Amino acid sequence: MKRRSKSLAAPVVSSVSPSQGPASGGTTVTVTGTGFTGATTVRFGSKVATFTVNSNTQITAVAPAGTGTVTVTVTTSLGTSTQQVTYTYVTASVPSLTGLSPAQGPVSGGTAVTLTGANLSGATAVRFDSTPATSFTVDSATQITAVTPAHAAGTTAVTVTTPGGTSNPLSFTFAASPSVTGLTPLQGPVTGGTTVTVTGTGFTGATAVGFDGIPAASFTVDSATQITAVTPAHAAGAAAVTVTTPGGTSNSGDPEARFFYVALPALTALTPPSGPTTGGTTVTLNGNDLLGASAVRFGGTAASSFTVDSATQITAVTPAHAAGTAAVTVTTPGGTSNSLAYAYVGTPVLTSLTPAQGPAQSATIVTLTGSNLGTATGVLFDSVPSPFTVFSPSQLTATAPVGSAGAVTVKVTTPAGSSNSLTYTRVAAPSI
């Protein structure tokens with residue numbers, strides 16, 4: 001007689017998982033063994049289960065209702081398994097969920113979620129929709145700690161399965177990682193305080209905005225695509241701007257997410273340091289960090305025009321201004337500089353000469369009286385320069401040069417221009 005080969009033997013059941021479930025049935029059980037191809041029946045005790053043959057070594061069956069401990073068998077055309085692999089019907093309360101915390105996390109998974117409820121002992125599964133938790137721990141009959149799996153963005157139903165059945169669902173939201181696509185403005189002072197509009201995606205529920213890891217002074221989530229943040233103080237240079245939400249932290253390497261901190265401008269010199277009240281004087285301002293200048297002011301009045309020559313020099317044209325000292329400042333994205341003094345001077349005026357005449361053949365000291373004489377740069381007798389000494393804005397002395405007898409005009413020049421003319425008369429010596 002020909003022997004039947006091993007491949008034609010009756011099926012063998014080696015294990016079932018889970019090995020217990022509620023008396024009401026409905027538990028999905030994985031049956032492991034051999035010889036399952038062509039299975040015609042799966043029984044839990046005497047009761048027939050619905051099933052699917054996954055392979056020659058695995059069947060997925062749905063436990064029918066039952067009581068006590070029963071043997072799970074598989075039948076094929078070659079016979080019925082005889083191994084005593086059991087499944088126990090447990091009389092247990094259906095689990096229920098009342099809360100979970102946190103209720104959202106990144107699509108990459110890895111969030112530890114605390115589930116609270118009742119009848120959670122003996123839990124065999126925690127699922128997010130149909131995806132099993134990466135891991136879970138039953139802390140007590142009222143609490144489970146589960147780690148979220150990776151999942152597409154959106155809201156999922158979280159359930160717990162125990163021998164008593166499957167719980168009611170609670171919602172957990174998988175959030176996509178935020179992305180920063182633009183900043184306005186792109187630069188500001190190292191002192192911070194600049195209000196920046198951050199645009200991008202996935203900003204809902206943002207918990208932090210960072211500038212190179214330094215928290216923003218404050219921020220407001222305007223929408224899922226916009227945040228308004230106030231910059232913190234930071235050293236000069238580029239800072240990576242990031243947004244953190246329950247979905248994670250945006251990419252700090254994105255070149256579109258750079259805010260540039262600009263050093264405060266500084267002024268060191270003005271040339272010339274004074275000019276007429278009518279304005280129009282070209283002044284060279286020297287200093288540091290002057291690039292990007294948006295304003296040059298003389299006593300609060302904007303320069304008529306200016307040109308940024310380099311990071312250390314600006315050429316500006318003075319505006320009209322009342323006589324006196326004006327504070328000159330430069331404003332850049334880094335802020336407003338220290339101030340330097342620029343003197344606005346009125347046009348000089350002469351009212352008298354004392355004496356108004358003198359000998360032609362010798363130099364005479366003449367006192368010139370008037371107004372706006374304090375910044376005198378020259379005294380002319382006709383076109384001949386004269387040595388002079390300034391005593392006050394209203395008085396100076398000059399030496400009348402030797403010359404031919406007769407009348408000459410006397411003028412004073414200052415950075416504000418030339419004065420009116422007065423007459424000085426050279427008198428010839430008497431002859432015998």
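**Close-up views of nonpolar packing and ring pairs**

**View A. Phenylalanine 44 and the residues around it.** Leaving aside residues up to four places away in sequence, phenylalanine 44 touches Val29, Ala49, Ala61, Ala63, Pro64, Val70, Thr71, Val72, Tyr87 and Tyr89. Please keep in mind that this is a predicted model. Two of these neighbours return as ring partners: Phe44, Tyr87 and Tyr89 are linked into a cluster by ring pairs.

**View B. The largest nonpolar core, with 18 residues.** Val31, Val42, Phe44, Val74 and Tyr87 are the members with the most contacts inside this core. The elements that supply two or more residues each are β1 (12-17), β3 (28-34), β4 (41-44), β6 (58-62), β7 (69-76) and β9 (86-90). Among them, β7 gives the most, with three residues.

**View C. Phenylalanine 172 with phenylalanine 174, one of 10 aromatic pairs in the structure.** The pair is edge-to-face, with 5.0 Å centre to centre and 70° between the planes. Phenylalanine 172 counts as buried because its relative accessibility is 0%, and phenylalanine 174 counts as buried because its value is 1%; the cut-off for buried is under 20%.

**View D. Tyrosine 342 with tyrosine 344, an edge-to-face pair.** Here the ring centres lie 5.1 Å apart and the planes meet at 80°, so the pair is edge-to-face, a class that calls for planes over 60 degrees apart. Both tyrosine 342 and tyrosine 344 are buried.

Key. Residues numbered from 1 in each chain as written. Predicted model: local features only at pLDDT ≥ 70, side-chain atom pairs only at ≥ 80, totals over all residues. Heavy atoms only, no water. Core = buried A, V, L, I, M, F, W, Y, C linked by side-chain atoms within 4.5 Å. Buried < 20%, exposed > 50% of the residue type's maximum accessible area, 1.4 Å probe, protein only. Helix = DSSP H or I, 4+ residues; strand = E, 2+ residues; numbered from the N terminus. Contact = heavy atoms within 4.5 Å. Phe/Tyr/Trp six-rings, centres within 6.5 Å; stacked < 30°, edge-to-face > 60°.
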